[in-house]
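Please walk through this structure with me, beginning at the ligand and then turning to the aromatic side chains.

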Amino acid sequence: MATLRLGDIAPDFTQESTAGPIRFHEWAGDSWVVLFSHPADFTPVCTTELGKTAALAGEFARRNVKPIAVSVDPVDSHHRWVGDINDTQNTTVNFPILADADKKVADLYDMIHPNASTTVTVRSVFIIDPQKRIRTTFTYPASTGRNFDEILRVIDSLQLTDSHKVATPANWKDGDDVIIVPSLQDPAEIAQRFPKGFKAVRPYLRITPQPNK
Ligand code: BEZ
């Protein structure tokens with residue numbers, strides 16, 4: 001299939017999961033979604049990743065985000081592994097894990113990178129908005145566990161920049177100063193949107209307090 005790019009509609013599918021069959025777009029509803037793949041059940045890094053996702057359930061919910069994991073293991077394996085994740089990571093896995101034994105989702109989302117492994121998915125992340133558009137992708141190798149605080153940080157940036165004419169600088173986190181988008185030039189609109197003012201370091205680099213704080 002063609003490479004999925006930012007702004008594309010996330011492909012729909014129906015697949016088995018630990019929560020029963022899932023029709024993806026219907027399941028997503030009006031929420032944001034983090035769809036993330038892991039190489040295999042009962043592996044150490046994956047165990048910590050799914051445990052961390054479960055521990056951050058409140059943070060995902062607060063942002064109207066549903067996490068959903070996927071690997072090519074069957075659903076009975078996922079169910080047994082969830083017990084291990086809960087035991088070892090001191091948490092309760094409360095999101096579905098897709099059982100993609102026929103690689104339907106892996107193929108649709110290009111999650112198998114044959115020069116890394118011909119059989120299992122790499123660590124892909126797709127952040128999908130409520131209109132089902134792909135807004136961010138990450139790809140990590142099997143040996144490197146992902147930073148789920150970074151995933152939340154990107155979602156904060158997307159949700160902020162969707163509703164205000166700002167962009168977020170390097171290493172920004174919620175509450176830090178932001179950048180007024182260069183396309184916004186009307187002084188009256190700038191004054192109305194950013195009543196706390198801004199600092200023009202350069203004409204194209206205008207720093208302002210985060211407007212929704
Ligand atoms: C892991 O999750 O620990 C892992 C999975 C596949 C390859 C290497 C590590």
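**Around the ligand**

In this predicted model, a polar side-chain atom of Thr43 lies 3.0 Å from an oxygen atom of the ligand. Of the 270 Å² of accessible area that the ligand has on its own, the protein covers 71%.

The residues that surround the ligand are Pro39, Thr43, Pro44, Val45, Cys46, Arg123 and Ala142. Sorted by class, this shell holds 5 nonpolar, 1 polar and 1 charged residues, and its largest share, 3 residues, is supplied by helix H2, which spans residues 44-55.

Phe36 and Phe95 form a tilted pair, with 6.2 Å from centre to centre and 50° between the planes. This pair links distant parts of the chain, since Phe36 belongs to strand E3 (residues 32-37) while Phe95 lies in the loop between helix H4 (75-89) and strand E5 (97-99), 59 residues apart. Both Phe36 and Phe95 are buried.

The rings of Tyr109 and Phe126 have their centres 5.0 Å apart and their planes at 75°, so this pair is edge-to-face. Tyr109 counts as buried because its relative accessibility is 1%, and Phe126 counts as buried because its relative accessibility is 6%. Together with Phe13, Phe24 and Trp27, Tyr109 and Phe126 form one aromatic cluster. Over the ring of Trp27 sits the charged end of Lys66, 4.9 Å from the ring centre.

Key: Residues are numbered from 1 along each chain as its sequence is written. This is a predicted model: local features need pLDDT of at least 70, side-chain atom pairs count only at pLDDT 80 or more; totals for chains, interfaces and linings use all residues. Side-chain values use heavy atoms; hydrogens and water are left out. A residue is near a molecule or strand if one of its heavy atoms lies within 4 Å of it. A polar contact is a pair of N or O atoms within 3.5 Å; within protein, one must be able to donate a hydrogen and the other to accept it, and residues adjacent in sequence count only if both atoms are side-chain atoms. Accessible areas come from the Shrake-Rupley method with a 1.4 Å probe; for residues, only the protein chains shown count as cover. Helices (H or I, at least four residues) and strands (E, at least two) are DSSP runs, numbered from the N terminus. Ala, Val, Leu, Ile, Met, Phe, Trp, Tyr, Cys and Pro count as nonpolar, Asp, Glu, Lys and Arg as charged, and the others, Gly among them, as polar. Rings of Phe, Tyr and Trp (its six-membered ring) pair if their centres lie within 6.5 Å; planes under 30 degrees apart count as stacked, over 60 as edge-to-face and the rest as tilted. Buried means under 20% relative accessible area, exposed over 50%, partly exposed in between (1.4 Å probe, protein chains only). A charge sits over a ring if NZ of Lys or CZ of Arg is within 6 Å of the ring centre and within 35 degrees of the ring normal.
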